[in-house]
Amino acid sequence: MLPELVDTSTMQGVFGCFLLWTVFYFLVHAFNYSQTPEWNCRIVTLFHGILVTFLCFYSAVVSGPWPFDYIAQKNTPFHNQIMIISLGYFLFDFFWCLYMGAETVVMRAHHAVSVLSFAYALYYNLCGSEITAVIGASEFTNPLVQLRWFVKQRGRLHGTLAVLLDFSLLCAFWGSRLIVGTAFHIKVQTNPNLHLFARLGGNAFYIISVVFGVGMLKYVVNRYFLKRRNHVEE
C-alpha cells in the first residue's frame, strides 16, 4: 500500500516542536545555570514525560479509541498531535545525547526506535493508536526515573525516599511495560493487518523494555536482598 503524503503542516509541526523543546532546554539552562547540562536536560525530560503520559492516557481512555481494539488502523488527529509533540522531543534529546556523548547504547537505541516509529506512523498515517499507547506506558515511568536520578545526585541514595523510588519504579515499570505491555504486545503482533515495519519496531521496543526491566530487577535484588552495595548505580 502506498503511503499517504505527509502534509507540510505535519513536518512544520515536528520541526516547531523540536525548536520548542530545544528553546525550553536553553531557558531552563539559563535560569538554572548552576546545575549541569544533564540536570537541566532531565528537567525537560521530566516535563515531557508528565505531559505525554497525560495526553496518551486521555487519548486511550477518554477520547478513544481503546488501543487493544484499534490496531493497524488509521491515526486520529489526536494521535498525530501527540506523536508530533513527542517526535520533536525525541529528536531534541537524541541530538543532545549525541552532542554530549551521554546515555548508554540501549538508551540511544530506544530513542532511535522511538523516532523511527513516530516517523513511520506519521508518514503512513497508521498505527498511531499502538504507538501512543506504548509511548504512554513508557513515559508513565519516566518521572520516577528522573526523580530517582535527582535524589542520587543529591547524595541521598540510601534514605527512605530512595528506597521508595526504587520499588515504585520497579513496580511501575514491570506493571506497565512488562505485564500490561506483554499482553498488548501479543495482541498487536498477532494482528494479521500489521505492517512488517510496525511489527519489527514493536519487537525492537519490547526487547529494549525487557532489557531495562531485567536490569532494574537485578539492581533491586542485588541492593536490597543480596546486600551488594558496591554495584554500579544505574
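Start by selecting Cys127. With a relative accessible area of 4%, Cys127 is buried, because anything under 20% falls in that class. This is a predicted model, by the way. You'll find Cys127 in the loop between H4 and H5. Check its backbone too: phi is near 65 degrees, a positive value in a residue other than glycine.

Now pick Asn125, which sits in that loop between helix H4 (105-124) and helix H5 (128-140). Asn125 has a positive phi as well, near 60 degrees, and again this isn't a glycine. Its relative accessibility is 15%, so Asn125 counts as buried. Why flag these angles? Because most residues other than glycine have a negative phi.

The peptide bond from Gly64 to Pro65 is cis, with omega near 0 degrees. Most peptide bonds are trans. Pro65 belongs to the loop between H2 and H3.

How far apart are the ring centres of Phe68 and Phe184? They're 5.0 Å apart, and the planes meet at 70 degrees, so you're looking at an edge-to-face pair. Phe68 is in the loop between helix H2 (37-63) and H3, while Phe184 is in helix H7 (residues 160-189), so this pair links distant parts of the chain, 116 residues apart. Are the two partners buried or partly exposed? Phe68 is partly exposed at 22% relative accessibility, whereas Phe184, at 9%, is buried.

A search of the whole structure turns up 23 aromatic pairs. Select Trp21 and Tyr89 for one of them: the ring centres are 5.6 Å apart with the planes at 75 degrees, so this pair is edge-to-face. Trp21 comes from helix H1 (residues 8-31) and Tyr89 from helix H3 (residues 77-100), so the pair ties together parts 68 residues apart in sequence. Both Trp21 and Tyr89 are buried.

Together with Trp21 and Tyr89, they form a cluster linked by ring pairs.

For another stop in helix H3, select Phe94. Phe94 is partly exposed, with 23% relative accessibility. Leaving aside residues up to four places away in sequence, Phe94 touches Arg108, His111 and Ala112.

What sits over the ring of Tyr219? The charged end of Arg148 does, 4.7 Å from the ring centre.

Now zoom out. Switch to cartoon and you'll count 8 helices and 0 strands. The C-alpha atoms fill a box of roughly 55 × 40 × 30 Å along the principal axes. The radius of gyration is 18 Å, close to the 17 Å the globule rule gives for 234 residues, so the chain is as compact as a globular protein of that length.

Color by accessibility to finish: 46% of the 234 residues count as buried. The accessible surface comes to about 12500 Å², with 70% of it belonging to carbon and sulfur atoms. As for contacts between residues at least 6 apart in sequence, 74% join residues at least 24 apart.

Notes. Residues numbered from 1 in each chain as written. Predicted model: local features only at pLDDT ≥ 70, side-chain atom pairs only at ≥ 80, totals over all residues. Heavy atoms only, no water. Phe/Tyr/Trp six-rings, centres within 6.5 Å; stacked < 30°, edge-to-face > 60°. Helix = DSSP H or I, 4+ residues; strand = E, 2+ residues; numbered from the N terminus. Buried < 20%, exposed > 50% of the residue type's maximum accessible area, 1.4 Å probe, protein only. Lys NZ or Arg CZ within 6 Å of the ring centre and 35° of its normal. Rg over C-alpha atoms; globule rule 2.2 N^0.38 Å. Contact = heavy atoms within 4.5 Å. Areas by Shrake-Rupley, 256 points an atom, 1.4 Å probe, with all protein chains shown as cover.
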